[in-house]
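Thanks for coming. I will go through one model this morning, starting with a single chain and then its contacts with its neighbours.

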Amino acid sequence: MSVAPPGGRRAPTLALTGILKRFGPTLALDDAGVVIRPGTVHALLGENGAGKSTLMRIAFGLLAPDAGTITLDGRPVHFASAAAALAAGLGMVQQHFSLVPAMTVAENVALGGRGRFDAARAAAVVRRIGEATGLGLDPGARVGELAVHAQQRVEIVKALARDAAVLILDEPTAVLAPAEAHEVLGWVRRFAEGGGSIVLITHKLADALAVADDLTVLRRGRVVRSAQRATWSHDALVAAMLGEVPEGPAVAPSVRPPGDEVLALEGVTYADARGVVRVEDVSASVRAGEVVGIAAVEGSGQHELLRLLAGRLAPTRGLVRRPATVGFVPEDRHRDAILLDAPLRENVALRGLGAARGRMPWEALRARTRELMARFDVRGPGPEAPARALSGGNQQKLVLARELDPPPPALVVENPTRGLDLRATDAVLGRLREARDQGLAVVFYSSDIDEVLAVSDRVLAMHDGRLVASDATRESVGRAMLGATP
Amino acid sequence: MTRHRWTGRLLLIAATGGVAALLLLAIVALAGYDAPRALGALAGGAFGSLDAVLSGTLVRATPLVLAGLAVTLAFRAGVLNIGAEGQLLAGAAAATAAGLAVTGPGPLPLVSALTAGIAGGAVVAGVAAWLRARFGVLDVISTLMLNSVAQFVVAWLVRGPLQEPLRIYPQSASLAAAARLPVLVPGSRLHLGWLMAVVLAGVGSWWLARTAAGFRLRATGLNPLAAASAGGVATGRVTAWAFVGSGMLAGLAGAVEVTGVTYALYENLSPGYGFTAIAVALLAGLEPVLVIATGLVFGALEAGASAMQRDAGVPSVLVAVVEALVILLLVLAERGRQAGWWTRRTPEAAG
Amino acid sequence: MADALTGFLEAAVRTATPLAFAAMGETIAERAGVINVGLEGCVMAGAFGALVAAGAGGVGAGFATSAVAGAALAALFALCVVRLGTDQIITGTAMTLLGLGGTGALYRTWYGAGGAALSVPTAGPMAVPGLSKLPVVGPAFFSQPVVTYLAALLVPVLWWFLYRTHAGLALRAVGEAPEAARAAGVATARLRTLAVVAGGALGGLAGGTLVLAQAGTFAEGMSAGRGFVAIAIVVLGRWHPVGAALGALVFGAATALQFLIQAMGWTLPYQLFLALPYVLTLGALALARGRGRPPAALGQASG
C-alpha cells in the first residue's frame, strides 16, 4: 500500500544551497546544501553537532540562515516562521515534541485553527488521515497518556492535517523500541511512494540504508557527500561520517597502570518515570587511575548511565558499587550544578552541604575559593562575585574545582566542554588527565567522539541503552556507537 | 548579603519610604485635601513626639516585622506562602485560648500564650506544607483557602467557645495581666514584642548567612535542582520546614498582637498585616535584619495615615494604594534586574 | 417549612450570583495559565464603578461601568504579568490592595467621610412568566434580578467558547503548554492578555451585582473576600464553567444556611458552615487526580 500525502498535494523539489549559519564564534553550517527530490526519502546523516538539525530548522523557518538560498520547484522562498513553512507544504517533527499533554489527539491536531471547533470533525480528520496513511490513532485519547511512539504519530498527523507534502523527521527512531522504529520506517517508505517527500535526520546507518533513496552526509557543518543510495556502501558511509581515520589507536596513554576497582555496575537496568528502559543490563567497572570514556549518539542512555555511576539516580534493577562521594559535573551546569545568584564562595560550599552541621566556616571557605580560583585558573572578580558574573568557561572550571578538591575517589563528567572556547576546553580536559594521574577513577562522556578518544584510556561504546564491544580505535568505536555490526 | 549591600538596600528603603510618603501626599493633593495640613498630620502621627514613635510607629511596626520575617523565610526557600494572614489569625486565636486558660505562677500564662500562638501558626502552615509535599497542591491556592478558613474559625470562636462571659460582644474576654507582654517604656504602649521582633530579625539574618541549615534553605530557594544534585540537600524536607517555620513566625505575630496590644481576640484583629508583610519582606530584599527597617517604614506610614485621617480628614485606606504601588515598583525592578532591562548581560557562551 | 426552604434557595441563588461571575472570570484567566489573585480588587473596582455610573445613568450604565472598571484593573495586571513577566502572585496581591484602597479612598473623597448610606437604583427581581409560579422553586429560581439569569446564561456560553471554538481550544492550550501552542501558531501573549481582561470584566460585574442587585449601596471593602472565594470555587469546580457555577451555588448555599440558621433561631456555629466550602475545596484539590489538576502552566510568568 502506498500512501499519498493527504490533500493529494504533489511534493515540490526542495533545494537548499550555500547555507551559512553562525552561532556566536561557532560556524555551524559552512556552505551546506541539499536537494530533496519529490517522492523520495532523503537521509541526512552525521555525528552529533554535524549540522543536520540546524540545516533542516533553517529549511522549516525556525532559524534564519546568515547566507544561502532556499527554493521550492526552483522558485526562491523565504520562510520567516514555521507557520509560513507549514503554509508552503512543509512539515517538521522535532525531537522534542510540541504537544499539549492534557488534551486529546483530535484537539492537538486541530490546535491553531480558526472559527468554530467541532470535536467530531477534528476526530474525523484524525481518522481519515489514519485510514489514508496507516497512522491509526484514537482521536479521543489524551496525548499525555500515549506512549512515545503514539505521540510521534500525533506529531506526524498534525503535519499531515495541514497538507504537508515534504515532511522533515528529526531522529524519529531515537526514542522508539525496535519494532516501533521498524513500523515508522515502513510508513516513511510508503509516504514517499505515494508522492510525498521525507527528510530523515538520523545517525543510525542501518535505518538510512534501509529506506533512503538519497543520502547526504554532513561533517562539521559541511556536506561530505550527497548521492543516491546505490552509490553508497556501509563502509563508505562510516568513512564519510567519521572523516579521516587516524593511524593507530588515538587513546592517550596513561602514566601508570590502573589500580583497584572504584566504580562498578552489575547487570544494571534503569527505566525512567514513564517506564521506558534507558539503560539495559549494563555491567562495567572503572578502576583508580583510569579515564573511561563513554561514546554514544544522543538518546542511547548515556546520561542515565552517568547518573547511575554518580549516585544521582537509583537503578531499577542490578547493583551499583560506588564510594560514598562521587564528584559529578553535569552538562547543564546552570540547572544542575551552580547557584547563579550566589557568590562563588557559596557555590564552592555547596559540596557536601546536605551533611553539613552547625556554622558555616565562611572565612576558611573564602580562602579556599580564592585558592581554588588561582589553582584552577578561574577568572573572576573574586570569591564574593556572583556565579552569574563569570563566563561559561570559568563557571565550568569552578564546578570542576569544587568537585575535585578535596579529591573524591571517583569523578563522573558529562559534556564538560559544551559551549567553551578552545582554551577553556584544553584547561578542562587537562584537569581530567591530572585527576586520573592522581589516582581518581574518571568517567568521561562527550558528544564529540574525538574528545572522548583523546582523553580516555578505555572507551565504552553505548548503543540503545547497552554497552557494545569495540576496540579502542576511532573506527571501531564509531561503528559500535552507530549500531553497526563489527 | 554583605554589609556593603545592606547599606545600598537601606538607602533604597529610605528612598522608598520617602517616595511612598510623596505619592500619598500627591494623591491627597489631587483629591483636593489640604496637603500641608495632611503632611503635618502624617509626620506628626509617625514621628511628631516620642509617644507617636513609641506607641504609634513602633507598635504598628511590630506585627509587620514578625509577619515580614515569616514571608521572608518562606520566600527565601522558594515557598510562596501568602497565608501569613491566616497563620497570624490562628496564632492570635491559639494565644488567646492559652492565655485565658492557663493561670499560674510568674510568666507561665504569657509563655503559654506565646507558645500556643507559635504552634497555631505552625499547624496552619503545616497543613499547606503537607498538601504541597503529599499532593503537589500549589502553595498559593492552599494558603489562600486557609486564610479564609482561619477567618471564619476566629469569627466562630469569638461568638462561641472564646466569647466574653456576658456573651454580648463578638470578642473574647480580656487577658489577665500575667498573660500580657510587659511594657518596654513606661507610659507608652510599646511592648516587649518589638524587642522580640528585632532580636528575631537579627538572629534570622545570622542564621541564614552563617549556619549550614540556613545555607541549605537559601540554596534550595535559589536552585533546588543544584542543591539536590551538587549539594546532596534533601530539598523536600527543607521546603516543608521552611513553610512550618514561616507559619511559626506569623503565629507569633498574632500572639504578640493579642498579648501586647489588643489583650483580646477580635474578628478584625489584623487589618491585613499578613498581606502588608509581603511588601515589607520584598522591600527588605528578603533580608531579615532589613525587615526591621521596612517594618518601620510601613509602621510609620500607617501610624501617620491614621493621624492624617483623624486630623485632616484624609482616608487612611490610601496607605493600601501606596503599598500596592510600592509592591508593583519592586516587582518591576526585580523583573528588570532578572531580565537585564537596565544592564548588559554577560555573554554566557564565551570562554 | 416550604417557605423557609424557598427562602433558603432564593438566598443561595442570590448570593451565588456574584460568586458565579467572579469564578467564571477567574476560570477564563486560569485556563489561560494566569492566576489572578487580584480578582478581589477587580470586584471592588466593579462595585465602585457601579455606584458612580448608576447614580448618573441608571442600572444599565452601572453594570456596564462595573465590567469596564474590573477590566481596567485586570488590564494593568495583565500588562505587568503577561507583557513584562512579573510574578503573578505578588502582582496580584498588589492589585487587591490597589482595588480595596483605591475604591475606599475615592469613596470617602467623593461621597464624604461620614459614609452616609447612599442608595443607588437597583435591579429588582424579574419574574419569569409561568415558571415563577411553580411551588417552592418558582420564587427561588425564577424571581431573581436579571443579572442572575445573565450569570446562568453565561455558563453555556463560556462552555461553548472554551470547548467549541478554536479560540477556546487555543486558550486552553496556552494554559497547558504555551510552547506547543506557540509552535502551532497561537499568539500566546495576546490570548493570555485577553483572557485576563475578560476575567477582570466578569470580576467587575460581580462587584456591580453586589451594589445594584443586592445591597443597593456601596460600602468600603464590601467585596468581603469574594475575589478569593472565586479562586476557591475555580478549584472546586475543576477549572470548568459548569463546575464554577455549581461551586458558586455550594458557597452560596453555605451563606444562605447562615441566614436560615439565624432566622430559625438555631444555635449552630454557622461560621463553621462558612468555612466548610474552603475545607471541601482543599480536600478536592488534594484528592483530584488527572482531570482535576490545575492547568499545567498555571502561575508561570511570561506570555
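What pattern does chain B follow, read along the sequence? The pattern is α-α-α-α-α-α-α-α-α-α-α-α-α. That is 13 helices and zero strands, where helices (H or I, at least four residues) and strands (E, at least two) are DSSP runs numbered from the N terminus.

Some housekeeping. This is a predicted model, in which local features need pLDDT of at least 70 and side-chain atom pairs count only at pLDDT 80 or more, while totals for chains, interfaces and linings use all residues. Residues are numbered from 1 along each chain as its sequence is written, and chains are lettered from A and ligands numbered from 1 in the order in which they are written.

Back to chain B. Its C-alpha atoms fill a box of roughly 75 × 50 × 35 Å along the principal axes. Of its 351 residues, 59% are buried, meaning that 20 or more other C-beta atoms, placed from the backbone, lie within 10 Å of the residue's own. Contacts here are residue pairs whose C-beta atoms, placed from the backbone, lie within 7 Å. Among chain B contacts with a separation of 6 or more, 76% join residues 24 or more positions apart.

Now the neighbours. Chain A brings 34 residues into contact with 22 residues of chain B. Elements giving two or more residues to that side of chain A are α10 (333-336), α11 (344-349), α13 (392-404) and α14 (422-437).

With chain C, the contact takes 41 residues from chain C and 38 from chain B. On the chain C side, the largest share, 14 residues, comes from α3(C).

Key: Contact = placed C-beta atoms within 7 Å. Buried ≥ 20, exposed ≤ 12 C-beta atoms within 10 Å, placed from the backbone.
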